[in-house]
Amino acid sequence: MDPAKIIYVDNNATTAVAPEVLEAMMPFMTTWYGNPSSPHPFGDYAKRAVDHAHGQVATLLGCDPDEIIFTGCGTESDNAAILSALEIDPKRRRIVSTAVEHPAILSLCDVLRRRGYHVDLLPVDHHGRINLDQLRGLVTDETAIVSIMWANNETGNLYPVEEAARIAHAKGALFHTDAVQAAGKIPINLKDSVIDFLSLSGHKLHAPKGVGALFKRRFVPFNQFIIGGHQERGLRAGTENVAGIVALGQAADLARAHMAEERTYVAGLRDHLERELLASCPDPVVNGNPEHRLPNTTNISFKYIEGESILFLMHPFGICASSGSACTSGSLEPSHVLRAMGVPQIAIHGSIRFSLSRFNTRAEMDVIIAKLPPIIHRLRQISPYGR
Ligand code: PLP
């Protein structure tokens, strides 16, 4: 596969490291490789770089630098927030989340159920929306934490996290949001917010894999998840991934500086792609809530065919997207998000997620618009469902 010919529209899976990010992080793997804990100027240089990155990520989120804890990934941030809330108040043994969370939350909830905790997962409607009155009914005086994602990775749906946080607080519960897909794509201002914890991940915003961050509001009690040394003010042990942290800081700066213009640019590309595919493919359906979604995501079902086959036939054109059914142990496992939305099986299996970034171009969209409809028509003709 020639990397120069790839049309990468799978940015909710991971993103390219931005050139400026790579440039910023490289010296910390070559020249300035010191340990931030070392008591000499070489270590101090790394420490100052980590401190600076705290400020950069805090500026992106509108919080204070000491409210940012660097972690290894979004999954770690999610786990750390929830497990901490359960440890802080052992009498509260209930968790509320949604049926459409990422496995970083849902698999943890499964484990917690097996450990005897009570987990309620809010259902969603056919657009993937939650009902706040239903949330109100689920949160009790025994709820330790409510965790609701800011943006869904499959549909791009945005959730009313601020209102949800208020509902959690009314019963004395903490509130966490998985903002792994939202951070860097839409404005977040935690100063005007009551959210207690927020997770993000470097590789979703043009920093490398292996670095994440957890926002923990000042004075919110916290039990550290990774225990050991005194790094991150004693809240997350382990020698810092200095290069990754510097990269995340730089990526946060870039995201903030270009957010407004990128939102218009990327949403414009997405809308062009979506409009043209809807016009040229047989009965397509957009999954999710078109009114409230990320600017970069569209999830379209092409009924009666397999998403995996669509992906396979797009590969020769270099088009890399993702499908709503994942291949696990030889069988196609339909997306839990689309299932929770009540999307019929016949449409789930033929769903494709296109997730864009600022590195995509209109010419790339036009290649997809030209190549995909014939693939859909061809697959429909040979569909075992006889369409
Ligand atoms: N949460 C959401 C919504 C995600 O999309 C992802 C990754 O796809 C994660 C959490 C996990 O992040 P990481 O890959 O950094 O562990």
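Which residues touch the most other members of the largest nonpolar core?

Reply: Happy to! Keep in mind throughout that this is a predicted model. In the largest nonpolar core, which has 67 residues, Leu-61 and Ile-148 touch the most other members. Helix H8, spanning residues 242-280, gives the most to this core, with 11 residues. The core also draws at least three residues from each of domain 1 (3-16 + 258-382) and domain 2 (19-257). As background, nonpolar side chains tend to be buried together in soluble globular proteins. There is a second, separate core of 26 residues, and Ile-7, Val-266, Phe-302 and Ile-310 are included in it.

The chain is divided into domain 1 (3-16 + 258-382) and domain 2 (19-257). Their C-alpha centres lie 27 Å apart, and 29 residues of domain 1 are in contact with 37 residues of domain 2.

Now back to Ile-148. Leaving aside neighbours within four places in sequence, Ile-148 is in contact with residues including Leu-122, Ile-130, Leu-135, Val-161, Ala-164 and Phe-175. Among its other partners are Thr-98, Glu-101, His-176, Thr-177, Asp-178 and Tyr-159.

Take Tyr-159 to begin with. Tyr-159 is found in the loop between strand E5 (143-147) and helix H6 (161-170). Its relative accessibility is 7%, so Tyr-159 counts as buried. Beyond four places in sequence, Tyr-159 is in contact with Ile-148, as well as Met-149, Trp-150 and Asn-152, and its partners also include Val-100, Val-124 and Ile-130. From Tyr-159 to Ser-97 there are 62 residues in sequence and 12 Å in space, C-alpha to C-alpha.

The loop between E5 and H6 also holds Asn-153. Asn-153 counts as buried because its relative accessibility is 11%. Setting aside neighbours within four places, Asn-153 is in contact with Asn-12, His-102, Gln-181 and Arg-353.

Gln-181 and Asp-178 bring us to the ligand. Of the 13 residues around the ligand, Thr-75, Asp-178, Gln-181, Ser-201 and Lys-204 come nearest. Helix H3 (residues 74-88) gives the most to this shell, with three residues. An N or O atom in the side chain of Thr-75 is 2.5 Å from an oxygen atom of the ligand. The side chain of Lys-204 likewise has an N or O atom 2.5 Å from a ligand oxygen, while a backbone N or O atom of Gly-74 lies 2.8 Å from an oxygen atom of the ligand. Taken alone, the ligand exposes 390 Å², and the protein buries 89% of that.

The last stop is Ser-199, in strand E7 (residues 197-201). With 0% relative accessibility, Ser-199 counts as buried. A polar contact of 2.6 Å joins its side chain to that of Asp-78. Apart from neighbours within four places in sequence, Ser-199 is in contact with Gly-74 and Asp-178, and its partners also include Ser-77, His-176, Thr-177, Ala-213 and Leu-214.

Key:
Residues numbered from 1 in each chain as written. Predicted model: local features only at pLDDT ≥ 70, side-chain atom pairs only at ≥ 80, totals over all residues. Heavy atoms only, no water. Core = buried A, V, L, I, M, F, W, Y, C linked by side-chain atoms within 4.5 Å. Buried < 20%, exposed > 50% of the residue type's maximum accessible area, 1.4 Å probe, protein only. Helix = DSSP H or I, 4+ residues; strand = E, 2+ residues; numbered from the N terminus. Domains from an automatic or database assignment. Contact = heavy atoms within 4.5 Å. Near = heavy atom within 4 Å. Polar contact = N/O pair within 3.5 Å; in protein donor to acceptor, adjacent residues only side chain to side chain. Areas by Shrake-Rupley, 256 points an atom, 1.4 Å probe, with all protein chains shown as cover.
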